[in-house]
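Please open the model in your viewer and keep the sequence beside it. The tour below goes from one selection to the next and says what is found at each stop.

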Amino acid sequence: MSEIVLYSMGICSAYIACRLKDECGEPVCLWSDTKREDEDTYRFGREVAERWGLNVVEASHGGDLWETFKAWNMIPARQLSPCSRDFK
């Protein structure tokens, strides 16, 4: 059975994914693109995945973060978080 990492392409999820690879074998890194990350985040995530040989699987629904807010007729707020439900 594989370990699953919610891979945000940030430093914390990269650390966990690399550590699991060292300790448990081959984790599956699920990545959900919000289409709103800084270009450097994408670069970092790709470089980590290539260097450590991580199995990154995109699990995005293809939408944009702001399209989701518009579809829900809402103003983004921490109390109502469609990104966690719809993107992750």
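Begin by selecting Asp33 and Tyr42, whose side chains make a polar contact at 2.6 Å, a polar contact being a pair of N or O atoms within 3.5 Å, where within protein one must be able to donate a hydrogen and the other to accept it, and residues adjacent in sequence count only if both atoms are side-chain atoms. This is a predicted model, in which local features need pLDDT of at least 70 and side-chain atom pairs count only at pLDDT 80 or more, while totals for chains, interfaces and linings use all residues. Residues are numbered from 1 along each chain as its sequence is written, and side-chain values use heavy atoms, with hydrogens and water left out.

Is Asp33 buried or exposed? Asp33 is buried, with a relative accessible area of 7%, where buried means under 20% and exposed over 50%, with partly exposed in between (1.4 Å probe, protein chains only).

Asp33 sits in the loop between strand 2 and helix 2 (39-52); helices (H or I, at least four residues) and strands (E, at least two) are DSSP runs, numbered from the N terminus.

Next, select strand 2 (residues 28-31), which runs parallel to strand 3 and is joined to it by four bridges; two strands pair if DSSP finds at least two bridges between them. Within this pairing, Cys29 has Val56 of strand 3 as its bridge partner.

Finally, show the whole sheet, which is open, with three strands in the order 1-2-3 and parallel pairing. Strand 1 (4-6) and strand 3 (55-58) are at the edges with a single partner strand each, so one side of each has no neighbour in the sheet.
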